[in-house]
Amino acid sequence: MNRTVYALRREIVEVGRRVYNRGYVAANDGNISARLDRGRVLITPSGVSKGFMKPEDLIVVDLTGKVIEGRKKPSSELLMHLRIYQERPDVNGVVHAHPPYATGFAVAGIPLTQCVLPEVIVSLGGIPLAEYGTPGTEELFKPVLKYIKDYDAFLLANHGALSIGPSVMAAYFKMETLEHFAQIATVAIQLGGLKTLGEAEVKELIGLRRNFGIKTQVSCETCARNDTQECVAATVPAGGPAAGIDRQALVEAVTAAVVRQLNGA
Ligand SMILES: [Zn+2]
């Protein structure tokens, strides 16, 4: 076996182990892939726990999805992975998982598009919410296409999360950043709300992105007044890029959740 191909197989196996061990997937959930070269993609098999894969379990497919090498069946989300590689030539790795906090936001219908944490603004911008689509069909990734050019991490409504990057390990780290952000946002919302950074701070962070070679646009929402007391919010404004949820209804839902929390319910 070609050493580079083998190294890439091992990298996917390692990402699978981390995704499983961190509880980002249960049982056989999730799928991971890496671009091998211009015409081939390496992807995880279906029906296998990502925590216990061996390098030889992975499947090599061409860009039409035809299996070139491998005994098992490729992931049921193969078409989504192939479409992402087609849309984003700069992407060489794709990770799909169901990390509980990020998936919680996806299930609640709340995108993570506010400018809140510096490292998230620098590495991801924001995380939009793609509408629900049936897993294993085109309907799953069609809503993602709307955001694919501008973002590197996505929430999939009522399903999970997706991250992409210049390597499969880079895509995995974006998944970690996303889940960490979702976890912090959950605590902040319980404590009273997310305080969004102001335009000046965000502009400075955007300047840093160039140093890291990050090309996607920053699409998170800033606080125009830079007055944190005026900037406590928990969602995207109605009509925003990842809208689809009523702001007032969301504020009420979050308030009710906080009250329940305070009452120990
Ligand atoms: Zn899934």
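I started with handedness: H3 passes H6 in a left-handed crossing (left-handed if the near helix is turned anticlockwise from the far one by less than a right angle, right-handed if clockwise).

A note on the source: this is a predicted model, where local features need pLDDT of at least 70, side-chain atom pairs count only at pLDDT 80 or more, and totals for chains, interfaces and linings use all residues. Residues are numbered from 1 along each chain as its sequence is written.

Next I looked up the geometry of H3 (residues 100-108) and H6 (residues 168-191): their axes come within 7 Å and cross at roughly 70 degrees. That makes H3 roughly perpendicular to H6 (65 to 115 degrees; under 35 is roughly parallel, over 145 roughly antiparallel, the rest oblique).

Which residues of H3 and H6 meet? I found Tyr101, Ala102, Gly104 and Phe105 on H3, with Leu178, Glu179, Ala182, Gln183 and Thr186 on H6 (contact means C-beta atoms, placed from the backbone, within 7 Å).

Then I turned to H2 and H5, whose axes lie 9 Å apart at an angle of about 25 degrees. H2 and H5 are therefore roughly parallel, and their crossing is right-handed. From H2, Leu79, Met80, Arg83 and Glu87 make the contact, and from H5, Glu138, Leu140, Phe141 and Leu145.

Last, I checked burial in H2 (residues 78-87): Leu78, Met80, His81, Leu82 and Ile84 are buried (20 or more other C-beta atoms within 10 Å of the residue's own; 12 or fewer is exposed, in between partly exposed; C-beta atoms are placed from the backbone). The partners of these buried residues include strand E1 (31-35), strand E5 (93-97) and helix H5 (138-145).

How values were computed. Helix = DSSP H or I, 4+ residues; strand = E, 2+ residues; numbered from the N terminus. Contact = placed C-beta atoms within 7 Å. Axes fitted to C-alpha atoms, helices over the stretch in contact; angles between N-to-C directions.
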